[in-house]
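Reader: I want to check the labels on this model against their cut-offs. Please take me through them one by one.

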Amino acid sequence: MAARWSQRHISSLLEEKTNVISKLGGNVTLSCWADLQLESVRVSWYHLNQHGSHTVVFSYSSEDDHIDQSVEFQERTSLVIRPKVVMLHLRNVKLQDSGTYKCILQDNQQSVEQYVILQVTDPKETLQDDDDSVVIYTMVGFILAGLVAWMISFCILCKRGDLQCSRNWDQQI
């Protein structure tokens, strides 16, 4: 027998924002948690804009089996409703999809509001993690370490007088 989530547990979820990162052109899942009665559920996902307005990403009502969404999200979204979680799947994410998403879940007994922050990254603008890049970064590190070691050795030899240097190391600047 599954226990219903306590109001305190649901309130703690409301205070936290979930952060999700996705690569440009990838697929991402945004989740909203609540203990719902599936026979009478209403789900609304909004993409919040900087000006305070919002775009309907996906809105669904089980009572009349009605779906509503903005043109920019059509053909790229799907909704999965389970007893404790509602998942919005977003395909082929775009840079403009980055931002804050608001989820509102309602049934006959409760209304829950949660936020998810989506960050879409462009792989072309980040350092690559392939094998060639690792080799290059390692070689650069070894070269820089060798250069620093050579400079320290040179300074020690000059200071000891083992090497003819143009600088007078005893002179104060």
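Author: Start with Glu63, which is exposed, with a relative accessible area of 53%. Exposed means over 50%, buried means under 20%, and partly exposed lies in between (1.4 Å probe, protein chains only).

Reader: Before going on, what kind of model is this?

Author: This is a predicted model, in which local features need pLDDT of at least 70, side-chain atom pairs count only at pLDDT 80 or more, and totals for chains, interfaces and linings use all residues. Residues are numbered from 1 along each chain as its sequence is written, and side-chain values use heavy atoms, with hydrogens and water left out.

Reader: What makes Glu63 and Arg42 a salt bridge?

Author: The rule asks for a side-chain nitrogen of Lys or Arg within 4 Å of a carboxyl oxygen of Asp or Glu. For Glu63 and Arg42, the closest N and O atoms are 3.4 Å apart. The value is within the cut-off, so the pair counts as a salt bridge. Glu63 sits in the loop between strand S4 (54–61) and S5, and Arg42 in strand S3, 21 residues apart. Strands here are DSSP runs of E, at least two residues long; helices are runs of H or I of at least four, and both are numbered from the N terminus.

Reader: Why is Arg42 called partly exposed?

Author: Arg42 has a relative accessible area of 26%.

Reader: Are Arg76 and Asp97 buried or exposed?

Author: Both count as buried. Arg76 has 7% relative accessibility. Asp97 has 2%.

Reader: What makes Lys102 and Glu113 a salt bridge?

Author: Their closest N and O atoms are 3.9 Å apart. That is within the limit, so the pair qualifies. Glu113 is partly exposed, at 33% relative accessible area.

Reader: How do you know that Cys32 and Cys103 form a disulfide?

Author: A disulfide is a covalent bond between the sulfur atoms of two cysteines. The rule here is a pair of cysteine sulfur atoms within 2.5 Å. Cys32 and Cys103 have an S to S distance of 2.3 Å, so they pass. The link is left-handed, with -105° about the S-S bond. Cys32 lies in strand S2 and Cys103 in strand S8, so the pair ties together parts that are 71 residues apart in sequence. The count by this rule comes to one disulfide.

Reader: Why are these two cysteines called buried?

Author: Cys32 has 0% relative accessibility. Cys103 also has 0%. Each value is under the buried limit, so each counts as buried.

Reader: What is the bridge partner of Trp45 in S8?

Author: The partner is Cys103. Six bridges join strand S3 (residues 42–48) to strand S8 (residues 99–106), and the two run antiparallel. Two strands pair if DSSP finds at least two bridges between them, so S3 and S8 count as paired.

Reader: In what order do the strands of the sheet stand?

Author: Six strands form an open sheet in the order S1-S9-S8-S3-S4-S5, with mixed pairing. Strand S1 (17–23) and strand S5 (66–68) stand at the edges, each with a single partner strand, so one side of each is left without a neighbour in the sheet.

Reader: Why is Thr55 called buried?

Author: Thr55 lies in strand S4. Its relative accessible area is 12%, under the limit, so Thr55 is buried. Contact means heavy atoms within 4.5 Å. Not counting residues up to four places away in sequence, Thr55 touches several residues, among them Trp45, Tyr46 and Phe73.

Reader: How much of the chain is buried?

Author: Buried residues make up 30% of the 173 residues.
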